[in-house]
Amino acid sequence: MFFHIFTNRLKCLLRDRMMIFWTLLFPILLAVFFNMSLRNIANSETFRPVPAAVVNDAGYQKNAGFRSALKSVSEGKDKIFSLTETTRKNAEKLLEDGKIAGYLTVGDKIKIVVNRSDFDQSIIKSFVDSYLQTSSAAESILKANPPARSGLSAGLSGETDYLKAVSGGSADPDPSLNYFYSLIAMACLYGGFWGMKEVMDIQANQSRRAARVNLAPVRKLKTFLSGMAASLAIAFAEMLVLLAFLRFALNLDFGPKAGLVIFTSFVGSVVGLSFGAFLSSLVKAGENMKVGILISGTMFCSFLSGMMYQDMKYIVEKNAPVLGYLNPVNLLTDSFYCLYYYDTYGRYLLNIGLLGAFVLLFCAGTYFVIRREKYASL
Amino acid sequence: MIISVKNLVKRYGNLVALDHLSFDVEEGEILGLLGPNGSGKTTAINCILSLLKYDKGEIRIFGRPMRPDAYDIKRDIGVIMQNVAVFDELTVYENINYFCGLYIPEKEKRKRLVEEAIDFVGLNDFRKFYPKKLSGGLLRRLNIACGIAHKPKLILLDEPTVAVDPQSRNNILEGIQRLNREGATIVYTSHYMEEVEQICSRIIILDKGKVIANGTKEELKNMISLGEKITVETSAIRPEHLAALRRIPGADSVEYANGLLVVKSGKSKNNLENVLDFLKKQQIGYGRIYSELPTLNDVFLEITGKELRD
């Protein structure tokens, strides 16, 4: 009997295009939009070396210290300048054509030639100022203490950090991941559509089909659990598809704990399913009202978890931390982030424990409502 | 006794939907439950099936008390709801197979029963169709197949022919009679008098949650005062003719409108000859003449009254 109901429920649910859209395609579409907008933001924030030139004349060749300093910041992966050594005439032409932000001439003094004042020009000026200050300091020290020459070079070329950054985990912090993690959490809660449908198809006062099912010689709980098993299979399969899409199509980094990420998605699917079932059993209004409450409730929880505005998660944590613990979307989002970022499991386990408590609450509430076997009205 | 309902009371707030309703259903009969809108037919069916809570009373089916968990009783009941109750996402075959599977776990037996049900309702050409692609009549037939595929001993049909074309209606009614001939006891609710008259062996008329008449067609017709209704197509009736006709012994009512003269006589009175004699003597020309015995519709209207219901 279990298998009969399970397979038929699978057919019913998989052929419901509207449900498939909301529970699978909608999160995937959102992920694509997130990826497009976050990638643009990331590109705009990437530092590009400032195109600059230096007039390669006798003055430049004579000032070995400046030449060395300039070359050191114009080489390697993290270079500041994309430097061209050229004649004055060519440098002027490059500046005129907008191919460089400015050029330097080295004589008695180091001069910067620019044709406007902007971010790139400020970087050139900062570099020159820094060089002049450092070289001036070195000259003063050497005048006062000539034997200090040996340790001076290292002392001036480096900067001492008095704060040490300690990473909480092996991964690099990436705030943009929070958007995607809250999206996955939202998709888990959208699994509530399946739970909602299961209750509607078992409660005789909610649909005609349910009334017919209630007339059959099958325990209501058995019918319900068989249907819920089919719903869970679909909800979890959809989560796996979403995770695969994020990982392989959008190159989202889930960190090294893939197994636990999948487990968390499973827990999320159970939370979503039980949430939808609980909501459906509690709200006596029609299907449209139930769907409206599910969507708006999930979106609000997602908003509080930082899906639309990342800082909201931290605002909630700072001002109303209890709200964060009462929000299943936030608990799921945080679980994914814990798996990505932390090497320890304390916070993750706390989140999973709270989600488990939600599942128990939702299941108990649903059972309490649907166990009534006769209805006051149909 | 297949069904025994005793003193059933169901209230919706202050409204009494079933008022100490009592009736029995005997094995092998087709019982028609008739009644105006809101008379309590569907409520009675839902209480019998243990879908609805009721305030008072006792319901026994196959001699055992009916409860929501009386699975041994439910196994032998088939229900065809007033509204089509099938899954839009399953095909005709899958729908029948699903509902039949809730009663019949054995796959081979179920397969045979589903095929028989499809044959029975004539949906062979539509087995792979989804319900949304079916016409109203075909949908009703699918609804019936889902309710009877497991070969129940007791079938309850709640207005199964609402919004169905005459051909499909006839098909459904013949099917119900066939199920009865094959051994099923049937409880049939409907608004359509001619349907009930055609197929039911016994009729119960409900009004305001009470049984107000119970018997065979003939027994019900004997309960009312109307005996015969004579209708004459004629265009030459004057007021003095009407007055003369009203003096015919047993003519309880004489009316003339739109070229139709209607003479109604009391029980056991036959006035056709008297009316014809009168027309000949008065040299009144006439066209067709009908003489009708009372129908179930006359019984229903006389018993339940002619005021409009919701």
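At what angle do α11(A) and helix α12 of chain A pack, and how far apart are their axes? The legends below take up this pair and other parts of the predicted model.

**View 1. Helix α11 of chain A packs on helix α12 of chain A.** The angle is about 135 degrees, and the axes lie 9 Å apart. Helix α12 covers residues 258-282 of chain A. The two helices are therefore oblique to each other, and their crossing is right-handed. From α11(A), the contact takes in A:Met228, A:Ser231, A:Leu232, A:Ala235, A:Phe236, A:Met239 and A:Leu243. From α12(A), the partners are A:Val261, A:Ser265, A:Phe266, A:Gly268, A:Ser269, A:Val270, A:Gly272 and A:Leu273. Sorted by class, the contact of α11(A) with α12(A) holds ten nonpolar and five polar residues, and no charged ones.

**View 2. Helix α8 of chain A packs on helix α11 of chain A.** Helix α8 spans residues 177-190, and helix α11 spans residues 220-249. Their axes are 10 Å apart and meet at an angle of about 165 degrees. Angles over 145 degrees count as roughly antiparallel, so α8(A) and α11(A) are roughly antiparallel to each other. The crossing of α8(A) with α11(A) is right-handed. On the α8(A) side sit A:Phe180, A:Ile184, A:Ala187 and A:Cys188. They meet A:Met239, A:Leu242 and A:Leu246 of α11(A). The contact of α8(A) with α11(A) consists of seven nonpolar residues, with no polar and no charged ones. A:Met239 takes part here and also in the contact with α12(A).

**View 3. Chain A is assigned two domains.** Domain 1 is made of two stretches, 2-38 and 177-370. Domain 2 runs over 50-157. The centres of domain 1 of chain A and domain 2 of chain A, taken over C-alpha atoms, are 58 Å apart.

**View 4. Chain A touches chain B.** The contact involves 23 residues of chain A and 28 residues of chain B. On the chain A side, α1 (2-14) and α10 (208-214) are the elements that give two or more residues. Which element gives the most to this side of chain A? It is α10(A), with five residues. The side of chain A that touches chain B has eleven nonpolar, four polar and eight charged residues.

**View 5. Chain B is divided into two domains.** Domain 1 of chain B is 3-221, and domain 2 is 225-293. Taken over C-alpha atoms, their centres are 43 Å apart. Chain B has eleven helices and 14 strands. Its C-alpha trace spans about 75 × 45 × 35 Å along the principal axes. Of the 310 residues of chain B, 40% count as buried. Among contacts in chain B between residues at least 6 apart in sequence, 68% join residues at least 24 apart.

**View 6. Helix α3 of chain B packs on helix α4 of chain B.** Helix α3 covers residues 92-101, and helix α4 covers residues 107-121. The angle is about 130 degrees, with the axes 10 Å apart. That makes α3(B) oblique to α4(B). The crossing of α3(B) and α4(B) is right-handed. B:Tyr93, B:Ile96, B:Asn97, B:Cys100 and B:Gly101 come from α3(B). They meet B:Arg110, B:Leu113, B:Val114, B:Ala117 and B:Ile118 of α4(B). By class, the contact of α3(B) with α4(B) has seven nonpolar residues, two polar and one charged.

Terms used: Residues numbered from 1 in each chain as written. Chains lettered and ligands numbered in written order. Predicted model: local features only at pLDDT ≥ 70, side-chain atom pairs only at ≥ 80, totals over all residues. Domains from an automatic or database assignment. Axes fitted to C-alpha atoms, helices over the stretch in contact; angles between N-to-C directions. Helix = DSSP H or I, 4+ residues; strand = E, 2+ residues; numbered from the N terminus. Parallel < 35°, antiparallel > 145°, perpendicular 65-115°, else oblique. Left-handed = near helix turned anticlockwise from the far one by under 90°. Contact = placed C-beta atoms within 7 Å. Nonpolar A, V, L, I, M, F, W, Y, C, P; charged D, E, K, R; others polar. Buried ≥ 20, exposed ≤ 12 C-beta atoms within 10 Å, placed from the backbone.
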